[in-house]
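Please examine the model shown here before reading on.

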Amino acid sequence: MPVLWIFLIVLGIGALGYVVARQRALASVGNDPRHLHSLPSYYGYMGFLFATATALLVLIIWLIAGPMVIEKRVAANLPAGVVEQAASQNLLMAEVRRVANGLDNAVAMGVLTEGAASNARADLTDMTARLKEAGQVITQNVTVPVLRAAQEMRQANRTSKTWMAVAVIALAVAGAALAVLRAQKDFRARNVVERGVRWMLVGAASIAILTTVGIVLSLLFNTIEFFRIYPASEFFGSLTWSPSFGGGSELGIWPLLWGTLYISIIALLVAVPIGLFAAIYLSEYASPRLRSVAKPLLEILAGIPTIVYGLFALLTVGPLLISVFGDNGLGWMQSGTAVMTAGLVMGIMLIPFVSSLSDDIINAVPQAMRDGSYGLGATQSETIRQVVLPAALPGIVGAVLLAASRAIGETMIVVLGAGAAARLSLNPFEAMTTVTAKIVSQLTGDADFASPEALVAFALGMTLFIITLCLNVFALYIVRKYREQYD
Amino acid sequence: MNDMRPLERIVDTDNIKISAKGCQVYYGETHAIKDVDVQIEDNTVTAFIGPSGCGKSTFLRCLNRMNDTIDICRVEGEILLDGENIYDKKVDPVQLRAKVGMVFQKPNPFPKSIYDNIAYGPRIHGLAKSKADLDVIVEKSLRRGAIWDEVKDRLDKPGTGLSGGQQQRLCIARAVATEPEVLLMDEPCSALDPIATSQVEELIDELRTQYSVVIVTHSMQQAARVSQKTAFFHLGNLVEFGETGQIFTNPTDPRTESYISGRIG
């Protein structure tokens with residue numbers, strides 16, 4: 001039975017549970033809801049929750065854990081010699097999985113009969129041909145152990161699915177029945193629903209957190225793998241970045257890190273003053289009408305995809321800078337792709353981040369502060385400089401650090417605007433590259449995934465992650481420390 | 001004794017610090033203050049009383065043009081400070097506010113140190129030539145605000161860390177530091193407990209020796225305690241203005257009498 005069907009059936013049982021539990025509760029007080037502990041619908045919700053919550057939870061766990069258990073069992077049954085013959089157990093299991101899927105597809109398309117698919121003594125060349133016919137990509141001729149394993153896997157999958165359907169639906173029915181039994185006049189259904197809602201929210205929050213943990217772990221394992229085959233002292237100590245996929249490459253992080261920081265600093269030098277001044281104008285000087293128009297307009301900047309900014313850098317800003325600083329002008333710039341190009345465009349991208357957040361923060365400074373200052377005979381700009389901005393400072397610092405995290409993580413603008421040359425240089429008109437841009441180029445190359453040239457991407461990603469994490473923690477610290485200054 | 005008489009009269013006329021004539025205030029379409037005439041004397045505490053929304057705070061804010069910061073607010077008529085119309089084009093509201101200081105309903109110390117709170121006004125008006133000068137001004141203002149003894153050991157601590165009553169006295173000291181001639185107080189005690197209130201009231205009485213003080217208050221007892229002159233506002237009109245004792249014991253207008261005896265408001 002397909003999962004969707006199981007899901008719909010569980011929901012159906014839940015709906016039934018709602019109706020029955022609600023009616024039973026009402027019936028227990030002779031249809032006068034005033035005598036019930038909770039509103040009738042709460043009994044209904046309880047019926048729905050009892051029916052669906054555990055059933056769906058079991059369904060999800062089964063879907064995740066089931067294949068893992070089956071695969072482990074099938075792998076254990078593979079003859080030892082076969083595993084040694086193949087490069088690794090992972091590769092072999094991938095092949096088994098492919099054949100199993102292929103058999104399923106072939107049966108579904110009518111190329112194979114169910115009997116033939118389960119036949120352990122089938123003709124191998126014929127089977128391979130039929131699987132290819134069914135559109136399954138198979139790297140080599142199917143061997144006997146692989147076919148056996150695939151068939152075993154299919155069998156196990158089918159049993160598992162049947163049991164899953166039975167277990168989930170039984171749980172749903174049991175839950176609904178329990179709720180209906182409990183739907184009596186004095187039962188505190190409202191409190192039960194309240195707890196149910198709470199656990200639902202807890203679930204949502206923990207999914208977000210667990211995903212983060214998962215991302216970090218996936219980075220971490222590959223990073224450890226990288227440092228096993230490439231010395232960390234070289235990675236953090238070398239000043240050269242010259243990956244060569246033939247081997248013998250130097251993978252020093254410094255040129256990339258320098259490029260990242262240089263471009264980010266230029267971007268912030270553009271974005272912070274402009275964004276902050278725009279925010280001050282919008283929140284302190286502009287009339288409400290102008291503000292209601294100008295603020296959304298400014299925020300449109302934040303909605304432009306970064307690839308469009310990249311094109312803007314490549315096609316407009318680069319040539320513009322060349323015409324001023326290039327060979328016909330000051331002669332500092334060789335090509336349109338440079339740190340300056342990417343930095344300027346990235347700065348423009350960050351303006352709405354800084355201005356929108358700062359604007360909200362400046363608006364949150366109580367009017368009493370401004371009144372106090374005006375009442376002492378201060379002008380508007382004196383008030384802003386000496387009272388409003390200091391009071392809003394923690395929030396503004398937070399906004400700037402958030403923008404910095406964005407700048408450090410930005411990729412597309414760098415790829416198109418800053419070039420691809422990793423170098424350590426102080427000249428902002430030279431091409432450089434950043435950590436993120438190199439992660440893309442290292443992973444999209446032809447390198448063997450197990451080579452240091454490809455794995456270095458994870459080490460770079462991990463370094464970047466730690467840097468932005470530190471920035472965010474620092475921002476949080478600043479905001480916490482100064483948050484209660486005015487009140 | 002007789003030749004003292006003309007002299008006394010001159011002092012009386014000189015004594016008028018602020019005089020409003022036919023003052024009207026509009027908030028958009030709403031006519032908030034209707035034709036108010038009032039004369040505020042120097043070295044006197046004048047109390048504005050009246051029910052909520054009667055326009056007493058609005059009128060107070062006209063006296064140092066704080067209403068200018070509200071876009072839809074429009075003021076008509078004349079308000080003379082030392083004989084000069086403060087709504088004249090050549091008057092700079094920023095300078096006016098240095099002369100007519102203001103203390104607000106809720107204590108609003110800046111999120112700065114106690115010292116910087118007091119030094120804020122003198123700094124922006126360039127009243128101190130040196131750091132030593134500034135130190136003197138800060139100490140003098142804090143003493144006048146009757147808070148020096150409590151804060152002298154922690155001038156570098158934030159002003160927001162003080163208690164409510166201390167914060168309000170800090171704000172009064174801050175207003176005093178710019179050497180104003182008039183001090184406007186908009187319900188300065190409404191956020192304070194009784195002890196802090198009595199401290200601030202004592203302070204107001206002392207301030208009278210140097211400034212003309214105008215105080216808006218909801219508490220009639222407070223008006224009776226601290227003021228010499230009282231003005232009663234009702235629905236945007238100035239109903240009655242006179243000696244505090246006379247207003248509270250023998251009001252001429254029936255509306256004043258009803259308010260004071262608690263029948264309206």
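This is a predicted model: local features need pLDDT of at least 70, side-chain atom pairs count only at pLDDT 80 or more; totals for chains, interfaces and linings use all residues.

Residues are numbered from 1 along each chain as its sequence is written, and chains are lettered from A and ligands numbered from 1 in the order in which they are written.

Chain A is divided into domain 1 (3–187) and domain 2 (241–485), with bounds that come from an automatic or database domain assignment. The C-alpha centres of these two domains of chain A lie 47 Å apart.

Chain B contains 11 helices and 10 strands; helices (H or I, at least four residues) and strands (E, at least two) are DSSP runs, numbered from the N terminus. Its C-alpha atoms fill a box of roughly 55 × 55 × 40 Å along the principal axes. Of the 265 residues of chain B, 46% count as buried, a term that requires 20 or more other C-beta atoms within 10 Å of the residue's own, with C-beta atoms placed from the backbone.

Chains A and B meet in a contact that takes 18 residues from chain A and 24 residues from chain B; two residues are in contact if their C-beta atoms, placed from the backbone, lie within 7 Å. On the side of chain A, the elements giving two or more residues are α14 (367–375) and α15 (380–409). The largest share, six residues, comes from α14(A).

The interior may be considered next. A nonpolar core is a set of buried Ala, Val, Leu, Ile, Met, Phe, Trp, Tyr and Cys residues joined through C-beta atoms within 7 Å. The largest such core has 152 residues, and those touching the most other members are A:V345, A:L350, A:V354, A:A403, A:I413 and B:V214. Helix α10 (residues 254–285) of chain A gives the most to this core, with 16 residues. Beyond four places in sequence, A:V345 touches residues including A:Y309, A:F312 and A:I413. A second, separate core of 28 residues includes A:I13, A:L36, A:L171 and A:A176.

In chain B, B:P122 lies in helix α4 (residues 114–125). B:P122 counts as buried because it has 20 C-beta neighbours inside 10 Å. Leaving aside neighbours within four places in sequence, B:P122 is in contact with B:L127, B:A128, B:L134, B:I137, B:A177 and B:T178. B:P122 and B:E179 are 57 residues apart in sequence and 8.6 Å apart in space, C-alpha to C-alpha.

Key
A residue is buried if 20 or more other C-beta atoms lie within 10 Å of its own, exposed if 12 or fewer, and partly exposed in between; C-beta atoms are placed from the backbone.
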